[in-house]
There are 2 protein chains.
Amino acid sequence: MDMPVKIYGPISSPSVCRVVVCLLEKDVHNFQLVPVNLAKGENKTPQYLKIQPFGQVPAFQDESVGLFETRAICRYVVDKYANQGNKTLHSNDLLVKSSIEKWIEAEAQDFNPPASALVNHLFFRAAGTPLDPNLVKTNKEKLAKVLDVYDTRLGESQYLAGGEFTLADLFHLPYCQLLAGDDESMFRSRKNVGRWWDDVSGRDSWKKVLEMQKQNA
Amino acid sequence: MDMPVKIYGPISSPSVCRVVVCLLEKDVHNFQLVPVNLAKGENKTPQYLKIQPFGQVPAFQDESVGLFETRAICRYVVDKYANQGNKTLHSNDLLVKSSIEKWIEAEAQDFNPPASALVNHLFFRAAGTPLDPNLVKTNKEKLAKVLDVYDTRLGESQYLAGGEFTLADLFHLPYCQLLAGDDESMFRSRKNVGRWWDDVSGRDSWKKVLEMQKQNA
């Protein structure tokens, strides 16, 4: 049996979840989560910084290949396991690929900044830090504008990049899950976004990730 | 002669520059810059929002292919013109590709947030908005940590992803140019970053972009 791929970081981390759901979509079950205790600063030790120089989780190791940054790790997983599991997460066809890339970047550059600001403040702020209603309001307004664009787009096609579930949809899962848990109306009040969210959050791969989180809670 | 590809947006925009330098690296000279007057809000008109729903520049049109998000546009250009110009901006080799993707994401997720906050505030803030020394200090500190990681990396290899100039380096050009113009010591005080910056900013493609900016100033 091949050596398991290693993911450094806790399943409670949204970024770790992105990598795990991608592995599950590609039918890769031979992986190992290596604990990194963020509360104890284990992500800032010299040893950890050697494999992830920005001190974030996850880092990723597949035999001699060391990687960081979730979106880069997921691209590697899709390429490495091209012949198994979900084969439409990405594409080599110029037109299909360009649409996937466009919506991957929409996630990274438009959705992610307000979504990560909200998630980090609502769910991961340091103990004792009070809730900042202004920060929440500003970023919810920014996110609402992004979700309005998504609603129009998802009125034209089943998924963000077209007719198939791709990395562009997958990258949204962890933050949408947390944000929908806090305020489901952001998603439900937009007909096409609501329909899309029911679809993507109901995938077996994602339900398995949520199950792993429960078991580790 | 083929129809020119169209880039909607002014050459004064760092994001437009990213696309133009990529076209020049790929020896694509048959392109047209379509004016979009940001000061007059032409990027928020219903007509423009049809081609760029987030109201940003640039948008991109190549015959029937409409795209937005600079990093996605550049990926398309690299694929479409695979057989001409610089052939090492990206790669289909699993290992080479994964290193390029890792450093593309470092730019997008680690370098870009503080760099864009600084550039937008220092060079593009609304008329009458006073300089916020706190914003500048905070983001310079964040950027310094990123450049420290880059300095270590660039002590190991000539460019970010390895021995070749790739999209990972290219994506840094416009913001580094503006930031170096404001405070060159951020780059010069780090030996390997300084060497890299001399190299990448001295490329013919980038010098041509700076020339286009001067002509349009």
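**Exercise 1.** Determine how many residues of helix α3 of chain A are buried, and list them.

*Solution.* Helix α3 of chain A spans residues 70–80, and nine of its eleven residues are buried, so it is mostly covered. Buried means under 20% relative accessible area, exposed over 50%, and partly exposed in between, with a 1.4 Å probe and protein chains only. Helices (H or I, at least four residues) and strands (E, at least two) are DSSP runs numbered from the N terminus. The buried residues are T70(A), R71(A), A72(A), I73(A), C74(A), R75(A), Y76(A), V77(A) and V78(A).

The model is predicted: local features need pLDDT of at least 70, side-chain atom pairs count only at pLDDT 80 or more, and totals for chains, interfaces and linings use all residues. Residues are numbered from 1 along each chain as its sequence is written, chains are lettered from A and ligands numbered from 1 in the order in which they are written, and side-chain values use heavy atoms, with hydrogens and water left out.

**Exercise 2.** Describe the interface between chain B and chain A.

*Solution.* Start with the contacts, meaning heavy atoms within 4.5 Å: 30 residues of chain B touch 30 residues of chain A. Next comes the buried area, the accessible area (1.4 Å probe) that two parts lose on being put together, summed over both. It is about 2800 Å², with 64% on carbon and sulfur atoms. F54(B), K102(B) and E105(B) supply 20% of the area that chain B buries against chain A, more than any other three residues.

Then count the salt bridges, each a side-chain nitrogen of Lys or Arg within 4 Å of a carboxyl oxygen of Asp or Glu. E101(A) and R75(B) meet in a salt bridge, at 3.3 Å from N to O.

Last, sort by element: β4 (65–68), α3 (70–80), α4 (94–124) and α5 (133–156) of chain B each supply at least two residues of the side that touches chain A. The largest share, 13 residues, comes from α4(B).

**Exercise 3.** Find which rotation and shift superpose chain B on chain A.

*Solution.* Copies are superposed by least squares on the C-alpha atoms of residues with pLDDT of at least 70 in both. A rotation of 180° with 0.0 Å of shift along its axis does this, with RMSD 0.0 Å. That is the relation of a two-fold axis. In chain B, the C-alpha nearest the axis belongs to A108(B), 3.9 Å from it. The same surface serves both copies, as 100% of the contact residues of chain B recur in chain A.
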